[in-house]
Structures are given as structure tokens and as C-alpha cells.
Amino acid sequence: MRVSSLTLALSLLLSPAAFAQSPPPVEAPAEIPSDASEPTPPATAPSDAPSPADDAEIPVAASDDPGAMDQASNRVPLQEIRRYVGVFNAVREAYVEPVEDSKLMSSAIRGLLLDLDPHSVYMQKETAAAFDEGTEGAYDGIGVEVMYLGDGSMRVIAPIDGTPAAKAGIRAGDVIVSVDGRTLTPSDNNGAGPLRGAPGTSVMLGVLRDGETAPLEIRVDRETIRVVSVRGRMLEPGYGYIRLSQFQMDTAADFSRIVGELKQQAGGSLRGLVIDLRSNPGGLLTSAVQIADDLLDSGKIVSTRGRIPISDAEFSATPGDLLDGAPVIALVDVGSASASEVLAGALRDNNRARVIGSRTFGKGSVQTVLPLDNGDSVKLTTARYYTPSGRSIQARGIDPDTILRPEGAETADPNAPRAATVYTEANLPGHLQGDEEDGSTGGEALPGDGPINAALAELKKPWVPTAQVHAEDASPAAAPAQATETAPATAPAPATPPAPPTESVPETEPTVDPAPEAEPASPPDTSTDPEAPAADPATPETAEPPSTTP
């Protein structure tokens, strides 16, 4: 999907013209700080009888001029600019130690986004580069999708399959509170983050985990992480299994290729397929849309809606089902975010798959990455996702048709300490409110092979579709546009959007939020950042507070 149209639209909103000011009222001009260079127009006595020329210059009331009303809504109040300049000058002149103007301005820009939502962040050049790496699938780090918390600690959205983090035993829901014995602080959110580093080096992590009374110390080696986002194998003759660890640029193409290989192994066709989306933080919305299209003959896939028309998009399937109607199980858990939720929701609402596992993360917002001319970027939440039935994913997630519990959960001590209870979108400070948000704690992480065996057993059962609203009957979204889940502006266009899509991500999708290993982040797209909000590079969606992948 192209993001150029949305980027242009938002760039226009941020252009200098948007800050044009109307003259202050003559009768009560506000005071201008001593450093300000903006003159106050002199007051002039009105003449008793204005001439026709004067008459032509009399402004039309904004209430009578819709164009003027739109223009006024794009202006920054002059008084607010004065207030900012006053504080800026006070800090520069009186703070106990000198502070560079550039540092003050960067702090001000970050503050501009700070109170919006956890997935809207300002990324300096290094962080932006790390975020981009998440969609390309290679970076140096430990291989974990994280999101930064307010105190500087990082919540693990998911370890990436086959990486040092996964091998060392890092789990979804863990909270990393220290690195090499040093407690993390908010300043660690800057740049690539403490989890990144040269291959061959190692890092000692202090980790809070549910059920543990004290932080665990886990040593993890760093290496070049080359993320393979799609893996497949046969579970039994005729029954295939595909693991989607995140949504990158090549994920949809790899999915199609591996389905073809599994069909060949099965003698030409599959009797059923398990799609494993556990701990998938998201990534590129376009990839999730393309995979849904591969499995659907018709129907809506997802729609996005935002404040400006360019953020509104609707994606629909084209004829052709790679599995020729063979049943599908989507396996999810609390680490499934953003683009993962889009795919699961699209398949279930179109009666194409059953969803089993635990309730998903609930990242139902779209992030657009806006590159700046100095190499920095702004990751801004621009829309919400809606499933084909018209339901919002935000702060609710996808509720499975069949609920699974972690192994040993039935005998676990309900009073055991919980280090990572704030593990869903609904519990992130400042999150966007969801239409169906219910205040619950969300789902659980489902590691191991047990859920896969349960999915296979479910796949063999007769199935009566439970989705109540067919995609064709769902209410349409507003005008189409380009959408993304925390994805780079170069993301490929989705299968058949009715109109240009908006950009996605890292997923991002998060952003994820969650996102790539930048160690800040989505979740999960993406957004998220691996080793930062949602995946070392981003995304998916991120988690966001920014999601990254370290």
C-alpha cells in the first residue's frame, strides 16, 4: 500500500501555512514575551463611513464562510505559541544547567505526542532506522518484541521464534527492568536501546515474571537476527501447520509458497490448515490483507476509519482460495496484536476459520510513519481497524470461539505474584477507548506445543460457522484510502482495495503497536518494535508506547 497520499495530507496540516495567525483583537492585544519578535499591529480609529474599497476588505464572519471555518480549525492559537515561547525561554535562561536549544525542541516535540496514545511517538533517526529494519527482517540484537513502559522498563510482547531471546527462555508478558545490572529509565527509550548490540556480545537481563517473587536474571547472547516470518510443516497426513511470527514485506508471498509446498506433500490438496498467530505482534497491514485474500473468495477483509477522509479505507477479497475451501483454524493468544487480529477477525467474520486460544491484545489502531527531512520520523495514530462485521478491535481484541488455558493453569496458585498484569491494549496508559472495552484483564500467553495439538483436534471436528454477520452484509467504511499498521511508506499495495490504502506497520503494525527490536515501541500492524515497542524494528505495531524489536 502506498502511504504517499496520507503523508502529503498530514504534511500539509503540519506545514508553516497551518500556523498562519489572524491578527489579535485591537481592543485587547495579548502581551508578547520580551524575546518574541512578532509585532502587534497598531490600532487605528475606524472611519465614520467606510468607502466601497474598505467595504471590500471587511472579512466575512467565519460562521458564514465554511472555507474560513476550515482554515481557522487548522490554525494554532497565537496565545498558545506565546505560552510555549515563554516556557522555552524560561528553561533556556534559568534552568540550573545550560540546555541546548535543539535538545529542548526535541523534548517539546516528544511531549506533543506523549499524551495522545501509546503508539504515537517521535522517533529520532537511529530509532526510525531500527524501526524500518523490523519490516526488512534483519538487525543485531536478541530477537524480542517489546514495548516501553513509563518508567523505562520494557514489556515483552513476544520473543521471535528461533532467536537468542526465545532460546534463553524469555516469555511473552515478561517485564525487563534492568540490563547488565542497571535499572532502566525513560532515557533508555532513545535510539536503538540497550538490547541492541554487536553480534557475539551478551547482555544480562533482570526480568519480572508472573509467579516469581523476585526478578529473574537471564543472560542472552546477541546475534544478527534474520527473522523468518513464515514456517510450515505437516502435523499429520493431510493436515498442515503454518507459523506466522510477524508480518513483513515478504510474508504474504512466503505464505502462498509454503501453502503450495504443503499441498504437494499432501498429494495435491490439504484436508485442513492451522495458522499459528500466537505472540505475533503484527507488522504490515498489507501482508495481513494479502493473506486473508489468499484464503477468501469474496467478502470484506478490514476497514479503517479516521478523522480525515484519506484515513478511511476498505479492503475486499478477490476470487480464489489457495485451500479450495479446506477448513482453517487460527490459533491466537494475548501476544497476537494488530495485523494478527485483522487476519483472525477477517477469517472468522467471513466464516472461513475458527479462532481458538485466548483473547488477543486489542491493538485496533492504525499508525502512519511520516519521515521528516532530518532523518527523524513521526509515527502517528491515524485510524482504527474494523472487522468485516463492523466491530472495532481496539482495547477489546478478538474473543476466540474456543478458549485454551496455559499448561498447568488449572493447578496454578491464584494468589501467586503477578509481575505483568498490565499486558493488554486496554491496560496501557492513555490508550484509545474501545467501543466494546469491558475492563477485563484480557487473555493469556499460550506457549508450547499443547495449543497446536488442541488446534489440530479442533480442525478435525465438524464445524457449523458461528459468524453472525457476513462480510457482504457489513456496513461499509467511509471512502477508501491508504492504511497501515505501522508500516513504512514503501509497503506494497494490498490485494484489491477499493481505493488507495493507507500505510500500515511493525504491526505496525505496533505499530503492535507492538513493534521491532528498537527496544522502545508497538504492540505488534506496528506495530511494534523488536526489543522495543513491538519488534526490534517496529511494529508491528508495534508496543507502544513505542514498540520495537531489540
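**Loops, helices and a cavity**

Mentor: S338 is placed in the loop between β15 (328-332) and α10 (339-349), where helices (H or I, at least four residues) and strands (E, at least two) are DSSP runs numbered from the N terminus. This is a predicted model, in which local features need pLDDT of at least 70, side-chain atom pairs count only at pLDDT 80 or more, and totals for chains, interfaces and linings use all residues. Residues are numbered from 1 along each chain as its sequence is written, and side-chain values use heavy atoms, with hydrogens and water left out.

Trainee: What is the phi of S338, which is not a glycine?

Mentor: Most residues other than glycine have a negative phi. S338 is not a glycine, yet its phi is positive, at about 60°.

Trainee: Where is D180, which has a positive phi although it is not a glycine?

Mentor: D180 has a phi of about 55°. Its place is in the loop between β5 (175-179) and β6 (182-183).

Trainee: Is α8 roughly parallel or roughly antiparallel to α9?

Mentor: The axes of α8 (residues 251-265) and α9 (residues 285-295) come within 8 Å and cross at roughly 30°. Axes are lines fitted to C-alpha atoms, for helices over the stretch in contact, and angles run from 0 to 180 degrees between N-to-C directions. Angles under 35 degrees count as roughly parallel, over 145 as roughly antiparallel, 65 to 115 as roughly perpendicular and the rest as oblique. The crossing angle therefore makes α8 and α9 roughly parallel.

Trainee: Which residues of α4 and α5 meet?

Mentor: The axes of α4 (residues 78-94) and α5 (residues 101-114) come within 11 Å and cross at roughly 135°. That angle makes α4 oblique to α5. In contact (heavy atoms within 4.5 Å), Y84, F88, V91 and R92 of α4 meet D101, L104, M105 and A108 of α5.

Trainee: How many residues in the lining of the largest cavity are charged?

Mentor: A cavity is a set of points on a 1 Å grid over the protein atoms alone where a 1.4 Å probe fits but cannot get out, and lining residues have an atom within 4 Å of a point. Among those lining the largest cavity are R348, D349, R391, R396 and D399. The lining divides into 2 nonpolar, 4 polar and, as asked, 5 charged.

How values were computed
1 Å grid on protein atoms, 1.4 Å probe; cavity = no way out; pocket = protein on both sides within 12 Å on 5 of 7 lines; lining within 4 Å. Nonpolar A, V, L, I, M, F, W, Y, C, P; charged D, E, K, R; others polar.
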